[in-house]
Amino acid sequence: MNRKVFVTGGSGLIARYIVNRFSQDKNYLLYAVVSENRINFAEALYKPFKNVKVITAESLFDDEVKREQLKNSFVIHTAFTRKNDGKEIVRSLQYTYRVFELCKIYSVAGVLNISSRSVYKDPDAGTLNDEDSELCAKGLISAAKYASELLLLSFFANHTTGGRGIKYSNLRVSSVNELKTDNNMTRPLNVFVDCIIKGENIKVYGGSQIMSYIDPRDAAEAVYLMCSSGNKSWKDTYNVGSGCTYTIQELAEKVISIGAELGYAEVNIEVIMKDDFQRAGLNIERIREDFGFEPKITIDEMIRSLFEMKRGRV
């Protein structure tokens, strides 16, 4: 019998990689849950996968037959706005509440809530944030992400059914390496690659800020390992990252070097002095010890993939 996995925000970036990773295992049946206006896009996206079904969020809430499929399934909640907009954030939290409510009513096997490393206060110099580090949300979206974590805990921390509890965990994910297609979030790697392609110098403000990225394939692998771990218990929070950090100037230098390997002309780095002591970085020992998670995609590979994606859009 196929094990069922529901992925909310099913047409989003991380969701696509999660669905793709699980679809490689024929023991799983995937439900990509999307909004009504994304149904055609998602159906085209997942058409090649025989063990993936696309359903709308509206039908999940309104159709008893679909809701019944939630029983004993895993639910990966990735759906959340990327816009720093109050109305959109409220809608995301309301949707999160409704999803968790259904999960509790229909006694799912486990719920993974995709959160963000931005809920943490920046770590001290030379250190990484672990799961017990001080929290300090960096803006509306980060605060809302932490609110979603609290919602998860409020629904499942003391919940048992049929003599068993529902597994649950918040995954605080590092900045995801992706092709930036809108202006909702700043992605320095995208800006640097754009400069190389255009033959423009890279402007670096400050230069000493500490950055950390994870490839979405590695993030998806972490989710797969947790859901495939059998009876192993989950802790309520896990960091998911690469375990590696770089200064923003080091990243610019890497982009220039890799661009040269790919045939692009080298550009210069213009360092503009600015007091910016941003630091990022996640300690991933907990998920490594509990599930054997080891990120495989290096920063060099991430940069190369950005060049490839941007070439494909030209």
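OK, let's start with Ser107, which counts as buried because its relative accessibility is 16%, and the cut-off for buried is under 20%. Before I go on: this is a predicted model, so please read everything that follows as computed from that model.

Back to Ser107. For background, most residues other than glycine have a negative phi. You'll find Ser107 in the loop that runs between helix 5 (86-105) and strand 5 (110-116).

Now compare Asn72. Here too phi is positive, about 65°, and again the residue is not a glycine. Asn72 sits in the loop between helix 4 (64-68) and strand 4 (74-77). Is Asn72 buried or exposed? Exposed, because its relative accessibility is 53% and the exposed class begins over 50%.

Next up, a helix pair. Two packed helices are described by the angle between their axes and the distance between the axes. Helix 7, residues 188-198, packs against helix 9, residues 248-261, with about 40° between the axes and 10 Å separating them. Their crossing is right-handed. Who is at the contact? From helix 7 we get Pro188, Leu189, Phe192, Val193 and Ile196, and they meet Ile248, Leu251, Ala252, Val255, Ile256 and Gly259 in helix 9. Sorted by class, that contact of helix 7 with helix 9 has ten nonpolar residues, one polar and no charged ones.

On to the rings. How many aromatic pairs does the structure hold? There are 14. Take Tyr28 and Tyr224: the ring centres are 6.1 Å apart and the planes make 65°, so we call the pair edge-to-face.

Another edge-to-face pair is Phe61 with Tyr95, at 5.8 Å centre to centre and 90° between the planes. Phe61 belongs to helix 3 (residues 57-62) and Tyr95 to helix 5, so this pair ties together parts 34 residues apart in sequence. Phe61 is buried at 15% relative accessibility, and Tyr95 is buried as well, with a relative accessible area of 18%. Phe61 also has a charged neighbour: Arg98 lies over its face, 3.8 Å from the ring centre.

While we're on charges over rings, Lys232 puts its charged end over the ring of Phe291, at 5.7 Å from the centre. And there's a cluster too, in which ring pairs link Tyr97, Phe100, Phe155, Phe156 and Tyr168.

Last stop, Thr8, in strand 1 (residues 3-8). With a relative accessibility of 2%, Thr8 counts as buried. What does Thr8 touch, leaving aside residues up to four places away in sequence? The contacts are Ala15, Val33, Ile76, His77, Thr78, Ala79, Tyr95 and Val99. So Tyr95, the ring partner of Phe61, turns up again here as a contact of Thr8.

That's my tour.

Conventions
Residues numbered from 1 in each chain as written. Predicted model: local features only at pLDDT ≥ 70, side-chain atom pairs only at ≥ 80, totals over all residues. Heavy atoms only, no water. Helix = DSSP H or I, 4+ residues; strand = E, 2+ residues; numbered from the N terminus. Buried < 20%, exposed > 50% of the residue type's maximum accessible area, 1.4 Å probe, protein only. Axes fitted to C-alpha atoms, helices over the stretch in contact; angles between N-to-C directions. Left-handed = near helix turned anticlockwise from the far one by under 90°. Contact = heavy atoms within 4.5 Å. Nonpolar A, V, L, I, M, F, W, Y, C, P; charged D, E, K, R; others polar. Phe/Tyr/Trp six-rings, centres within 6.5 Å; stacked < 30°, edge-to-face > 60°. Lys NZ or Arg CZ within 6 Å of the ring centre and 35° of its normal.
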